[in-house]
Amino acid sequence: MSEVIPVLLLTVCFPLWLIFHYITKWKTSKGLSAEDEKMLADVWESTNKMEERIQTLERILDIEAPSWRGRS
């Protein structure tokens, strides 16, 4: 009878505790942190600036060297 309690703890209680522990960790870590959101916003802004620069360069090349798109 004294072996029943440790067996129950190891086979039922500990796995349940482990599952609930990681479910709680998963729920609290869901989403982006403030630092991640700032970094994502910075990357988005840099991407938009780069896209504008590329479009400007393409317009300049279209005027200066109209056949540049056909070159490989």
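This is a predicted model: local features need pLDDT of at least 70, side-chain atom pairs count only at pLDDT 80 or more; totals for chains, interfaces and linings use all residues.
The protein contains 2 helices and 0 strands. Helix 1 covers residues 4-28, and helix 2 covers residues 34-64.

Next, think about the surface. What percentage of the 72 residues count as buried? The answer is 0%. The accessible surface comes to about 7000 Å², and 66% of this surface belongs to carbon and sulfur atoms.

Now return to Ile23. With a relative accessible area of 34%, Ile23 is partly exposed, because values between 20% and 50% fall in that class. Ile23 also belongs to a nonpolar patch on the surface, together with Val4, Leu8, Val12, Leu16, Ile19 and Phe20. Taken together, the residues of this patch have about 600 Å² of accessible area.

The ring centres of Phe14 and Trp17 are 6.1 Å apart and their planes stand at 25°, so the pair is stacked. The reasoning rests on a cut-off, because planes under 30 degrees apart count as stacked. Where do the two residues sit along the chain? Phe14 and Trp17 both lie in helix 1, 3 residues apart, which is about one turn of the helix. Phe14 has 44% relative accessibility and so counts as partly exposed.

How many salt bridges does the count come to? It comes to 4 salt bridges. One of them joins the side chains of Lys38 and Asp42, with a distance of 3.1 Å from N to O. Both residues lie in helix 2, and they are 4 residues apart, about one turn of the helix. Are these partners buried or exposed? Lys38 has a relative accessible area of 53% and is therefore exposed, since the exposed class begins over 50%. Asp42, at 36% relative accessibility, counts as partly exposed.

Lys49 forms a salt bridge with Glu45, and their closest N and O atoms are 3.5 Å apart. Lys49 and Glu45 again lie in helix 2, 4 residues apart, about one turn of the helix. Lys49 counts as partly exposed at 43% relative accessibility, and Glu45 counts as partly exposed at 43% too.

Finally, look at Arg69. Which residue does Arg69 form a salt bridge with? The partner is Asp62, and the closest N and O atoms of the two are 3.3 Å apart. Salt bridges that share partners join Glu58, Asp62 and Arg69 into one network. Asp62 itself has 32% relative accessibility, so Asp62 counts as partly exposed.

Note on methods:
Residues are numbered from 1 along each chain as its sequence is written. Side-chain values use heavy atoms; hydrogens and water are left out. Rings of Phe, Tyr and Trp (its six-membered ring) pair if their centres lie within 6.5 Å; planes under 30 degrees apart count as stacked, over 60 as edge-to-face and the rest as tilted. Buried means under 20% relative accessible area, exposed over 50%, partly exposed in between (1.4 Å probe, protein chains only). Patches are made of residues with over 30% relative accessible area and no salt bridge: like charges are joined within 9 Å, nonpolar side chains (Val, Leu, Ile, Met, Phe, Trp, Tyr) within 5 Å. Accessible areas come from the Shrake-Rupley method with a 1.4 Å probe; for residues, only the protein chains shown count as cover.
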